Amino acid sequence: MLEIYGKESGMTSQKSQSKTLKIAVVGDIHDQWEVEDGIALKHLGVDLVLFVGDFGNESVEVVRAIASVNIPKAAVMGNHDAWYTATEWGRKKCPYDRTKEDWVQEQLDLLGSAHVGYGKLDFLEWNLTVVGGRPFSWGGHEWRFADICKDRYGVTNLEESAERIFATVKSAACDTIIFLGHNGPSGLGDRPEDPCGKDWHPIGGDFGDPDLAEAISLSMTLGKRISLVAFGHMHHTLRHTKKELRKPTFRSPEGIFYLNAASVPRIVVSEHGKLRNFSLVSLEAGEVTQASLVWVGEGFQVAKEEILYERSTSVVPSV
């Protein structure tokens with residue numbers, strides 16, 4: 001899967017030479033997407049938008065609106081995006097006639113090449129390839145949504161899934177890699193407040209995707225630079241306590257930056273009016289230099305900003 005943004009999207013050579021790339025990561029939407037969200041992204045001045053899935057319960061109209069956003073983008077499907085299709089209990093509650101309609105396929109068709117689940121997008125002007133993890137991931141070490149993975153992608157287990165993702169990395173045209181998944185990889189901690197930690201009974205345990213973790217590990221041997229792994233699924237608000245939130249970031253010793261963008265609900269109404277959140281990542285020479293969670297308010301101004309990570313700069317002592 002190849003799509004090159006450049007001349008077709010009206011970009012200039014000046015932009016391709018820009019030192020810092022500004023990326024927005026949109027966490028689990030769960031039907032909270034409005035026309036104002038696309039306008040807010042324009043006001044934020046982002047170069048690239050990454051959607052981690054869970055647009056809604058097979059919410060075709062939400063995906064249609066997102067597909068129309070005129071900014072370079074990549075997306076991966078979440079478990080809710082196959083809510084009425086992937087399981088027997090979901091099919092029993094399906095609000096449409098599945099013999100006549102296929103809302104999962106409608107979503108995929110609307111996104112087109114922007115959907116990178118088990119695929120990729122090469123952004124040659126930035127020397128950047130976005131590689132998608134397993135689409136419709138439920139999370140954890142159990143192989144869930146088996147039918148949809150087998151029927152639509154020919155993948156039947158976690159080992160095959162890891163090989164599929166890694167094969168995509170090997171075909172990447174660019175040196176810098178961003179992984180985009182619905183759920184994050186295993187290996188980021190087993191405490192309930194960790195980026196993919198299990199925060200329901202029994203409390204604790206790593207609920208990350210082992211196939212994504214394996215693909216990332218294999219990719220490190222290729223000489224590619226893995227800058228960012230962006231995902232959602234595991235909401236920042238914890239189920240077992242209101243005293244703290246989930247840890248949204250992790251930076252590995254190898255310099256890979258992991259970001260959980262699932263700040264849910266992503267649109268809230270406060271005394272200051274309606275606020276909508278986006279995670280912002282600055283990428284400079286293939287390295288994440290800053291990550292923040294911003295809330296955009298009235299007039300599309302940033303009403304609140306939480307700095308999640310900032311690269312430390314070495315201070316050279318004066319002589």
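**Notes on a predicted model: helix packing, spaces and backbone**

1. Let's start with a helix pair. Helix α3 (residues 60-67) packs against helix α5 (residues 103-111) at an angle of about 5°, and their axes are 9 Å apart. Angles under 35 degrees count as roughly parallel, so α3 is roughly parallel to α5. Please keep in mind throughout that this is a predicted model.

2. Which residues make this contact? On the α3 side they are V60, V63, R64 and A67, and on the α5 side W103, E106, Q107, L110 and L111. Sorted by class, the contact of α3 with α5 has six nonpolar residues, one polar and two charged.

3. Next, the annotation. The UniProt record, an unreviewed entry, places the feature "domain: Calcineurin-like phosphoesterase" at residues 21-236. In the model, the end C-alpha atoms of residues 21-236 lie 25 Å apart.

4. Now to the open spaces. The largest pocket holds about 300 Å³ of space. It is lined by 15 residues, and the closest to its centre are W200, H233, M234, H235 and R239. As for the make-up of the lining of the largest pocket, five residues are nonpolar, six are polar and four are charged.

5. How many cavities of 30 Å³ or more are there? The count comes to one. About 40 Å³ of space lies in the largest cavity. Its lining is formed by G133, R134, S137, G181, H182, N183, D209, D211 and L212. By class, the lining of the largest cavity divides into one nonpolar, five polar and three charged residues.

6. A few backbone details deserve a look too. Most peptide bonds are trans, and most residues other than glycine have a negative phi. Against that background, the peptide bond from H201 to P202 is cis, with omega near -10°. P202 sits in the loop between β6 (176-180) and α8 (210-219).

7. Another cis peptide bond to check joins V264 and P265, where omega is about 0°. Where is P265 placed? You will find P265 in the loop between β9 (257-260) and β10 (267-270).

8. Finally, a point about phi. N127 is not a glycine, yet its phi is positive, at about 55°. The loop between β4 (120-123) and β5 (128-132) is where N127 lies.

Definitions and conventions. Residues numbered from 1 in each chain as written. Predicted model: local features only at pLDDT ≥ 70, side-chain atom pairs only at ≥ 80, totals over all residues. Heavy atoms only, no water. 1 Å grid on protein atoms, 1.4 Å probe; cavity = no way out; pocket = protein on both sides within 12 Å on 5 of 7 lines; lining within 4 Å. Points joined across faces, edges and corners; volume = space filled by probe spheres on them. Nonpolar A, V, L, I, M, F, W, Y, C, P; charged D, E, K, R; others polar. UniProt positions renumbered as here; feature names shortened; annotations may be inferred. Helix = DSSP H or I, 4+ residues; strand = E, 2+ residues; numbered from the N terminus. Axes fitted to C-alpha atoms, helices over the stretch in contact; angles between N-to-C directions. Parallel < 35°, antiparallel > 145°, perpendicular 65-115°, else oblique. Contact = heavy atoms within 4.5 Å.
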